[in-house]
Amino acid sequence: MALVPVLSLVLALSVIGGSLGAAAAGLHDLDTLEAAWHGCVREAYARQRPEQGRVGAQRNTLDECREHEDRLVAATMREQVRADEAARRAGLPLSVRAGAWAASVAAYVVDPVSSWLQGWRGAAR
């Protein structure tokens with residue numbers, strides 16, 4: 001009887017493990033896209049005219065780097081779909097998958113934007 005839970009666990013891990021190669025490559029792509037977006041933001045902000053004010057400079061910077069941001073968000077969503085499919089195959093409940101998706105969006109999109117804005121606010125003080 002104890003063999004059934006062990007076999008279930010092995011099956012779940014093999015399903016998740018089968019997608020690790022693609023996931024690792026995807027995470028590398030996400031890191032590359034995030035680095036490109038951060039580089040664009042730094043360069044674009046450095047080119048802003050000081051007389052336009054901080055808020056205007058931030059808005060223009062984000063507008064200029066929208067293409068990089070869109071690529072990063074799209075890649076993050078694709079990776080989440082892959083991870084969600086692996087979790088679904090492993091039998092994880094929807095609530096767990098939704099929580100993981102929210103955490104990944106926060107980690108790859110919300111946190112970098114908010115930390116960048118807080119960094120500029122702190123430098124302006």
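**Entry 1. Terms and model**

I count as helices DSSP runs of H or I with at least four residues, and as strands runs of E with at least two, numbered from the N terminus. By that rule V81 lies in helix 4. I am working on a predicted model, in which local features need pLDDT of at least 70, side-chain atom pairs count only at pLDDT 80 or more, and totals for chains, interfaces and linings use all residues. Residues are numbered from 1 along each chain as its sequence is written, and side-chain values use heavy atoms, with hydrogens and water left out.

**Entry 2. Overall make-up**

I looked up the secondary structure and found five helices and zero strands. Along the sequence the pattern reads α-α-α-α-α.

I then looked up burial, where buried means under 20% relative accessible area, exposed means over 50%, and partly exposed is in between (1.4 Å probe, protein chains only). Of the 125 residues in the protein, 27% are buried. The protein exposes about 8200 Å², and carbon and sulfur atoms supply 64% of that area. These areas come from the Shrake-Rupley method with a 1.4 Å probe, and for residues only the protein chains shown count as cover.

For contacts I used heavy atoms within 4.5 Å. Among contacts between residues at least 6 apart in sequence, 71% join residues at least 24 apart.

**Entry 3. The disulfide**

How many disulfides does the structure hold? I found one disulfide, taking the term as a pair of cysteine sulfur atoms within 2.5 Å. The partners are C40 and C65, with their sulfur atoms 2.1 Å apart. C40 lies in helix 2 and C65 in the loop between helix 3 (54–64) and helix 4 (66–90), so the pair ties together parts that are 25 residues apart in sequence. The torsion about the S-S bond is about -95°, so I noted the disulfide as left-handed.

I checked whether each cysteine is covered. C40 is buried at 14% relative accessible area, and C65 is buried at 0%. Leaving aside neighbours within four places in sequence, C40 is in contact with E64, C65 and H68.

**Entry 4. The nonpolar core**

I defined a nonpolar core as a set of buried Ala, Val, Leu, Ile, Met, Phe, Trp, Tyr and Cys residues joined through side-chain atoms within 4.5 Å. The largest one has eight residues: W37, C40, V41, A44, L62, C65, V113 and L117. Which elements give two or more residues to this core? They are helix 2 (20–46) and helix 5 (94–124). Helix 2 supplies the largest share, four residues. Both cysteines of the disulfide, C40 and C65, are on the list of core residues. As background, nonpolar side chains in soluble globular proteins tend to be buried together.

**Entry 5. Salt bridges**

I counted a salt bridge where a side-chain nitrogen of Lys or Arg is within 4 Å of a carboxyl oxygen of Asp or Glu. The structure holds six of them.

R66 pairs with D63 at 3.3 Å, N to O. R66 also pairs with E69, at 3.2 Å. R66 and E69 both lie in helix 4, three residues apart, about one turn of the helix. In general, an α-helix has 3.6 residues a turn, so residues three or four places apart point the same way.

E51 is exposed, with a relative accessible area of 61%.

**Entry 6. Helix 4**

The 25 residues should span 36 Å, and the end C-alpha atoms are 36 Å apart, which agrees.

The buried residues in helix 4 are E69, L72, A75, T76, E79, Q80, A86 and A87. V81, by contrast, is exposed at 57% relative accessible area. V81 and W101 are 20 residues apart in sequence and 8.8 Å apart in space, C-alpha to C-alpha. After the helix comes G91, whose phi is positive, near 90°.

Methods. The expected span of a helix is 1.5 Å times one less than its number of residues.
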